[in-house]
Amino acid sequence: MTNILHNDLVQSLQSNMLWTTSLSSLLSLRMYQINPTQMFTINKVSLQAFPQNEIHKGVPLILNCSVDISKNEHFRLNYTFSFFKDGELLFTNTVEQDSAQYTISRARFSSSGQYECSLSVEEKKKFSDPLIIKVEGSVLKTEVMEGENVLLRCELPEEKPPLFFTFYKTKQSANGVVHDRKRISKVENFVELEFPIDAGDSILNFECAVQMNLVTGSQASGRSNRTIVTVSEPFSVPKITIDPPQNITEGDKICITCSTVLLRQDQTEIILQKNKTILNSTKGRETLTYCKIVKLEDNGNYICTVEHGSVSKTSKEELVVTELFSKPMLVVNKTKWDENSIVQIQCQVNGPMPISLSLIKDNKILINSNIYTAQLRVSDSGIYMCRAEINNISKESDPVFLHIYVGVLDKFFVLQCYSKFGTLPITYSLYRGNIYIRKIVTEQNVPANFTVKATSIQESGQYRCHANNGHSLSQQSNRINVTIIAPVANITFKREPEENIEDGNGLVFFCSVASGSFPIEFHFFKENDGKSLHQVIEKKKRVVSWAKESFTSQDEGSYFCRADNQAKSFVESQKVLVKVYWPCLLLLITMGRNTHCVIMTQGVDIAFDEVKFHLQEVLRTAS
């Protein structure tokens, strides 16, 4: 009976254990069944420090806890390792391996203390022997590179804080420049400080001193022992050369070379610049070259900079370029003109001959000459420049804006009348010819602005103003000839022929406006294509045409035109659809030994009845 109860109890325990294992597997945990016949004992738990238990500040520290365990047979166990410092739990981890680690990435003085670890398996637990960890001050590097930092530690072992520390960095040179930095410690009797190594440092002396504030007054210690640090250069001061070195004239090709010597190949960067503009740069190389065809504006200082991290070294070289010819000058006696006036524009330049000269209006070449004479029209308003060129060296004059007095029909324009001298108030009166328009009285010494709306083309003419203050004779201004222009209106767009056209045939477009002052500028467009396909400037007629000789299926689409003049109020036509069809439908009919060809030129969409008619004619002829 006892055996039966024992077996039932074991089966019940085993079934419960299996159920627990199944549920745990859903939670991604691992659990192993302990057979009553499986036995183990923990022999020893050991704690070791790597690299050792006495280390310098800032060095990584790894604590390894391992176990020596005995078993009666091979089976798996879950090991729970715990790490302690001065009796306080730091870290716990459960693993299948017989060891675990705890890592301190950067040891500090506070990391010093007594460490131990424990192992728990099932209901058994055992501790390691205590391990004393001692963290000492950082090792002072005596050889460094420019841009690195030196970690300094100043300590007054037998005194209590607060303490005031001063660190000294002295260059071992004739002038012995001294740099110092101050720190205060309210808790410890030491301070650590990182001192930067600058470019140009070679041999340095480091010292420190401490000051204490006592009830009887402050007391300072003497200077500490002196530590010598040797500094090496990661790269040399750059050298900049210009080839050719002298006698450089506009149009010559020059090359600027920037070079350095690198202690090691890394991401050191070389930069060439002029006036804060970077011209070229490279990384990881000892040489950089920049070449170009020079102009006069390339004169100046070129700076070569080599840098890596916080270290930067520079050198500079001056480039002197001799002028090949002077900047051209556009000469015109005034900038505001009446329509129909005669104007002469000249381009002047000093330099060796021959010089190619061009006069330019609104970025288009007006004439390849140094003189331009014309009777001005409204369309001549615009921006003029002079361009001179020798051996691919091109220079342009300052732009000059020529303004032709003009008003737009049904829009406002302003005429300004002003007398610099005279007792206020001043009454200004505006006239067109001898017709009085209106007056403005000014109480301040400011111009009188007459806003005029042109309601008719006939309002073109000479405008003038009179000034009167009642204390002297009325003064009359100069005359301004204002031309009133009418904007284009009522645009029409047509095509001939109007029906669909065969592939390869031509077409003529016509664009016209009902009114508008000359010259009128016409443009032809295809829908969804912003580029003008054809442009015409018409000075006498208000209609233009554009003949496109050959249309293909790719040219199908909607076309339209646009017109504008100096009023700058363009109008756009309606769109006209153009369709292209294949030229013919070819039928081959064989009757006995004869082959007959029928060509129908009515288009690809020819009606079936027409095909039937032509077919009947062929059959009748063949019989």
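Q: Where is Pro497 found?

A: Pro497 sits in the loop between strand S44 (489–496) and strand S45 (501–502). Strands (E, at least two residues) and helices (H or I, at least four) are DSSP runs, numbered from the N terminus. This is a predicted model, where local features need pLDDT of at least 70, side-chain atom pairs count only at pLDDT 80 or more, and totals for chains, interfaces and linings use all residues. Residues are numbered from 1 along each chain as its sequence is written, and side-chain values use heavy atoms, with hydrogens and water left out.

Q: How do you know that the peptide bond from Glu496 to Pro497 is cis?

A: Look at omega, which is near -5° for this bond. The bond from Phe50 to Pro51 is also cis, with omega near 10°, and Pro51 lies in the loop between S1 and strand S2 (54–56). Most peptide bonds are trans, and most residues other than glycine have a negative phi.

Q: What makes the phi of Asn490 worth a look, given that Asn490 is not a glycine?

A: Asn490 has a positive phi of about 55°, and its place is in strand S44. Asp362 is not a glycine either, and its phi is positive too, at about 50°. Asp362 lies in the loop between strand S30 (356–361) and S31.

Q: Why is Asn490 called exposed?

A: Exposed means over 50% relative accessible area, buried under 20%, and partly exposed in between (1.4 Å probe, protein chains only). Asn490 has 59%, so Asn490 counts as exposed.

Q: Why is Asp362 called partly exposed?

A: Its relative accessibility is 37%, so Asp362 falls in the middle class.

Q: How do you know which residues Glu527 touches?

A: Contact means heavy atoms within 4.5 Å. Leaving out residues up to four places away in sequence, Glu527 touches Ser558, Phe560 and Lys575. Lys575 is 48 residues from Glu527 in sequence, while their C-alpha atoms are 8.0 Å apart in space.

Q: What makes the largest pocket a pocket, and how many residues line it?

A: On a 1 Å grid over the protein atoms alone, a cavity is a set of points where a 1.4 Å probe fits but cannot get out, whereas a pocket is an open set with protein on both sides within 12 Å along at least five of seven lines. Lining residues have an atom within 4 Å of a point. For the largest pocket there are 25 of them, with Lys361, Ser379, Glu521, Ile537 and Gln566 nearest its centre. Strands S31 (364–367), S47 (520–526), S48 (529–538) and S50 (557–564) each give two or more residues to this lining.

Q: Why is the largest core called nonpolar, and which members touch the most others?

A: A nonpolar core is a set of buried Ala, Val, Leu, Ile, Met, Phe, Trp, Tyr and Cys residues joined through side-chain atoms within 4.5 Å. The largest one has 27 residues, and Leu63 and Phe81 touch the most other members. Strands that give two or more residues to this core include S1 (40–50), S3 (61–71) and S4 (79–85). A second, separate core has 23 residues, among them Phe325, Trp337, Ala374 and Cys386.
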